[in-house]
Amino acid sequence: MTPFSRELSAHQLSLGYGQRTVVDDLDLAVPAGGFTVIIGPNGCGKSTLLRALSRMIRPSAGAVTLGDTDLAKIRTKQVARRIGTLAQAPATPTAITVGDLVARGRNPYQSLLQQWSAADEIAVDSALAEVEMTEQRERLVEELSGGQRQRAWIAMALAQETPILLLDEPTTYLDISHQIDVLDLCSRLHTAGRTLVAVLHDLNLAARYATHIVAMRDGKIVAQGAPGDIVTAELLRQVFDLDALVLPDPETGRPLIVPRDRRPQYASPTPTAHELKLELVAEQESA
């Protein structure tokens, strides 16, 4: 029995860098077993909040708790056995195979008295199978495509066997097909019982996959809830200064965002001097 539950929360949380405050007096309870997606404009504090939830940065005020326990008071290896983290665009070690990268996810379970075990091997095998990378186990990570590389990093986080998984922009630099692959995988993990929290920029993908959306602006939460409840034209104006239609997605029924066309519309474009000269020459030749 663990001394704390799986619930991850922030209480009156303030975060910053030096004298600059990024997140101010924020409260958040991550739904256990849900797929929470944090959205908001650049610089609003999304990734900073995610780093605080993973204890990568220390709050200037308030606290992050796991169950009833302050995250700052839990030993590092214990945190790593409860919360797995995938950073944005992680740097891949040189000349490392997929299998060796995924095996690093077992570091929280290693010690001088407890070396590599059959349980570790099973965890790595299961993680590779979950992301469909078993056949790439001996390949160098640097040789993989962007989508495969991202799945390898997710497998490393899965090998930690944590009930909570935090993902900072997991679809960055991926084409649309690989974005869908990664988010389908995240959806399967959530369905299997893990609690996921991800930062995403694509609003339509957030609305399609999330069970809970947290919309941020200027370091504060503007709205949160199920996508169908909070993703409205008014929210998009309030959070992103975006004028858009919100329609039912014909595939899922979830909110589908269609930005209104802001380009100037002209009845007929004004011809340039060069175009007028060509027209005059054409007229003279046809006379």
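The text below goes through the sheet, then a single residue, then the pockets and the cavity.

The model is predicted. Six strands make up an open sheet with mixed pairing, and their order is 6-7-8-3-9-10. Strand 6 (83-86) and strand 10 (220-225) are at the edges with a single partner strand each, so one side of each has no neighbour in the sheet. From one strand to the next the twist averages 15 degrees. Four bridges join strand 6 to strand 7 (residues 164-168), and the two run in the parallel sense. Within this pairing, leucine 86 has leucine 167 of strand 7 as its bridge partner.

Two helices that pack on the sheet are described here. Helix 6 (residues 176-191) touches strand 3 (35-39), strand 7 and strand 8 (195-199), and its direction makes about 135 degrees with that of strand 3. Helix 9 (residues 233-240) touches strand 3, strand 9 (212-217) and strand 10; the direction of helix 9 makes about 40 degrees with that of strand 9.

Tyrosine 17 belongs to strand 1 (residues 8-17). Serine 60 is 43 residues away from tyrosine 17 in sequence, yet the C-alpha to C-alpha separation is 9.3 Å.

The table gives the volumes of the spaces.

| Space | Volume |
|---|---|
| Largest pocket | about 250 Å³ |
| Second largest pocket | about 170 Å³ |
| Largest cavity | about 30 Å³ |

The largest pocket has 14 lining residues, and those nearest its centre are Thr76, Ala80, Ile83, Pro108 and Gln160. Helix 2 (76-80) and strand 6 are the elements that each give two or more residues to this lining. Helix 2 supplies the largest share, four residues. By class, the lining of the largest pocket holds six nonpolar, five polar and three charged residues.

The lining of the second largest pocket includes Arg149, Gln150, Trp153, Glu169 and Tyr173. Five nonpolar, four polar and two charged residues make up that lining.

One cavity of 30 Å³ or more is counted. The largest cavity is lined by Ile39, Leu203, Ala207, Ile213, Val231, Leu236 and Ile257. Its lining has seven nonpolar residues, no polar and no charged ones.

Key:
Residues are numbered from 1 along each chain as its sequence is written. This is a predicted model: local features need pLDDT of at least 70, side-chain atom pairs count only at pLDDT 80 or more; totals for chains, interfaces and linings use all residues. Side-chain values use heavy atoms; hydrogens and water are left out. On a 1 Å grid over the protein atoms alone, a cavity is a set of points where a 1.4 Å probe fits but cannot get out, and a pocket is an open set with protein on both sides within 12 Å along at least five of seven lines; lining residues have an atom within 4 Å of a point. Grid points are joined across faces, edges and corners, and a volume is the space filled by probe spheres set on the points. Ala, Val, Leu, Ile, Met, Phe, Trp, Tyr, Cys and Pro count as nonpolar, Asp, Glu, Lys and Arg as charged, and the others, Gly among them, as polar. Two strands pair if DSSP finds at least two bridges between them. Axes are lines fitted to C-alpha atoms, for helices over the stretch in contact, and angles run from 0 to 180 degrees between N-to-C directions. Contact means heavy atoms within 4.5 Å.
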